[in-house]
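User: Hey, can you walk me through this protein? I'm new to reading structures.
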Amino acid sequence: MPEWLFSVVKYESVIHEFDPYFNYRVTQFLTKNGFYNMWDWFDDRTWYPLGRVIGGTVYPGLIYTAGLMYQLLHFFNIPVHVQEVCVFTAPLFSAFCSLAAYGLVSECWDTGAGLAAAALIGMVPSYISRSVAGSYDNEGVAIFALVFTFYTFIKTVNSGSLRWGTINLLAYFYMVLSWGGYSFVINLIPIYCLACVVTGRLTARHYLAFAPLVFVGTLLAASIPVVGFNAVMMSEHFASFLASIPVVGFNAVMMSEHFASFLVAAVMHAALAVRWVKALLPPRQFEYATRLVLLGGACGLAGLVLMMLGYVLRSPTFGWTGRSLTLLDPTYASRFVPIIASVSEHQPPSWPSYITDLHFAALLAPAGIMAAFRKLDNGSLFLVLYGITAVYFSGVMVRLMLVLAPAVCCLSGVAISDILTTLTSSLKAGYVSFQKSQRTSATGEASEDGGASTSDEPATPTPSKTSSGRKSKSGKPASSSDDKSSRTIYNSLFGWLSSESNPLPAPVAALGLLLMLGLMALYTIHCVGVSADMYSAPSIVLQSHRQDGSFYVFDDFREAYAWLRHNTHPETKVASWWDYGYQTTAMANRTVIVDNNTWNTSHIATVGRAMSSPEAKAWRIYRSLDVEYVFVVFGGMIGYSSDDINKFLWMVRIGGGVYPEIKEQDYIGEGGQYRIDSGASPTMLKSLMYKLSYHDFAPAAQRQFGMNGYDRVRNTQIGKTEVPLKYFEEVFTSEHWMMRIYRVRDQPNRDAAKPASRGGAKRKAARA
């Protein structure tokens, strides 16, 4: 657990990033007003003048979990502030996730692999990034819910227990409550069941595990307001729906993200029905019945497909959401939905990020897949499918590295367990061989004396253990044709590496064991380092190293939000880019125009239009929205690269998607590049974003760096150093210039309107 607590040790107990501040604010409301009132809460401090219905637009799993823990602690008279509960919720569930990973891999493989997987997932940087103390985001509990759902599903398949099936259903319900990534669960499990049907592994236990999850699970998902009828109306679930045709009727055709699971349920029903009918009828009658059913089924399926196509083709996106289409087509968001493409965690990951976030587990996961093919039973097949699908989706979106991390850790646990078993078995065999040779040499002379009397006796072959002699956990011989064929394929490809009858030489095994122990030690060091340096820093507080090794803290964000809270009217409307909406409402307690929910693209486009417009036009837009203050994040003074100037082209693209007058090409400078220096376009230099960022910056840069208007992020001198304001008034700039707050004037400033040719403004600045 130390990796999860670095942020508290190095900084303080504080909420991280952006989205967690909304979750924290809602949790505060829940603890003060109760669970029921949260469902009915209409928040008028966001998305002015529209507002937001909180109960119908939030996944409440995380908030309910923290609220319940807070109530329990106070019930036992433990006076803990709600912020501390929120800060430490993710680390607590990260520990639970390690236990769930142990259970999953133990069911799919063995307890040794389960222990290795639990140790890996407890330190993997990709998961630490969302489970570190202070990361109060949905993924903090959702990844545990995902792994635990998979564990209870495989446990149900292996045991055939209805009790575990019920637990699996509740785990899936908690997963839906916690995160929109539940669609990965409800599509992966049907893929697995379909693979069992195709490979002939389908049993009644699969049906017992799968059917309640599809039917009852969908009903439970639909009872959550943020999901609602999307559970039966969106195409992401579409394959799961055909199973409910005999039960629900036509509405099944109009389905949802669950479509894969419903389709597979239909296939499972058909496969089990065929097996049952075949046992009842003679072969000839069964053949006639098969032809009749196939003919009728083909006609019914054709009609059903026509109805489905008619419904789906009515939607321009064929019933899929923008995020889901981005997973299927990585270029979709950049071409059609810039609001999705603008989010950094929606970008494809780079190759080095896999090593940074997974380290040597990324290299061992393929070995785990190969080992799983050696024993291709229900559990190992699930791990293979989980790993392959997670790899694909992680390659589309950085955020889905969170889904990949547990899969890689589970497969790597299998590989580590098998490798260590092989190496230690080889060392043991070498030791036994060495002892036997010692005994043989000691009794060699006596053997030579008595060898004549026994040399004529035929040698009795010693039976060696083969794969057909192994037994499963239930004690039944693992001698099915599928297992034999999978082992035959594996042995033909990789059997030369090592086996029980052909151990590795002892020196090779000892060297391999030392290498594995060294890799695991390096993994631990890497995870601790990455967790401490990369994923423990809260975005609300920044740090830099001094030359003497000490740290310098940049606290401009909280400084600016505190200024807004204490120096503006409680009903003040504040405008900024949507990234900072959650923080503004939570820390400044002021009404914002847009926030990180991004549910209304046109409203966000209006803010983007204002930022990309000339000052006068932007003033009219903000006045129409009753905005009194506007702030921008600027990093040119201290070198903070995640500022609004670097995000500005996304504001232009999002604004241009709704308002055609905004064209990205108008903001591109000389050489076809986005520039803010002397080669910047005139439209860029006139935009409100440029003016709010660089107002009075040139003389400050001259004093700081000795260069007039030098921008440390862009490493250049700005194109226009004289940046007067007529419609906006600077009221606050933080210590390091990271946060700049402006008041929207009631009337234009006439002094700033004087033409520069008259020299009035220049003389006034010179006198100042």
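Analyst: Helices (H or I, at least four residues) and strands (E, at least two) are DSSP runs, numbered from the N terminus. This is a predicted model, where local features need pLDDT of at least 70, side-chain atom pairs count only at pLDDT 80 or more, and totals for chains, interfaces and linings use all residues. Residues are numbered from 1 along each chain as its sequence is written, and side-chain values use heavy atoms, with hydrogens and water left out.

User: Ok, how many helices and strands are there?
Analyst: There are 34 helices and 11 strands in the protein.

User: What order do the strands take in the open sheet?
Analyst: That sheet has five strands in the order E6-E5-E7-E11-E10, with mixed pairing. E6 (591–592) and E10 are at the edges with a single partner strand each, so one side of each has no neighbour in the sheet.

User: Which way do E5 and E6 run, parallel or antiparallel?
Analyst: Parallel: two bridges join E5 (residues 573–575) to E6. Val574 sits opposite Val592 in E6.

User: And E10 with E11, parallel or antiparallel?
Analyst: Those run antiparallel, with five bridges joining E10 (residues 728–733) to E11 (residues 739–744). Phe728 has Val744 in E11 as its bridge partner. In their hairpin, five residues come between the strands, and Trp737 takes a positive phi near 65°.

User: New topic: at what angle do H28 and H29 cross?
Analyst: The axes of H28 (residues 601–612) and H29 (residues 615–624) cross at roughly 150° and come within 7 Å. That makes the two helices roughly antiparallel, a label for angles over 145 degrees. The axes are lines fitted to C-alpha atoms, for helices over the stretch in contact, and angles run from 0 to 180 degrees between N-to-C directions.

User: Which residues make the contact?
Analyst: On the H28 side, Thr606, Val607, Arg609, Ala610 and Met611; on the H29 side, Lys617, Ala618, Ile621 and Tyr622. Contact means heavy atoms within 4.5 Å.

User: Which strands does H29 lie across?
Analyst: H29 lies across E5, E7 (629–633), E10 and E11, at about 80° to E10.

User: Last one: is Thr46 buried or exposed?
Analyst: Thr46 counts as buried because its relative accessibility is 1%. Buried means under 20% relative accessible area, exposed over 50%, partly exposed in between (1.4 Å probe, protein chains only). Thr46 lies in the loop between E1 (42–43) and E2 (52–53). Leaving aside neighbours within four places in sequence, Thr46 is in contact with residues including Arg25, Thr585 and Asp595.

Note on methods. Pairing = 2+ DSSP bridges. Parallel < 35°, antiparallel > 145°, perpendicular 65-115°, else oblique.
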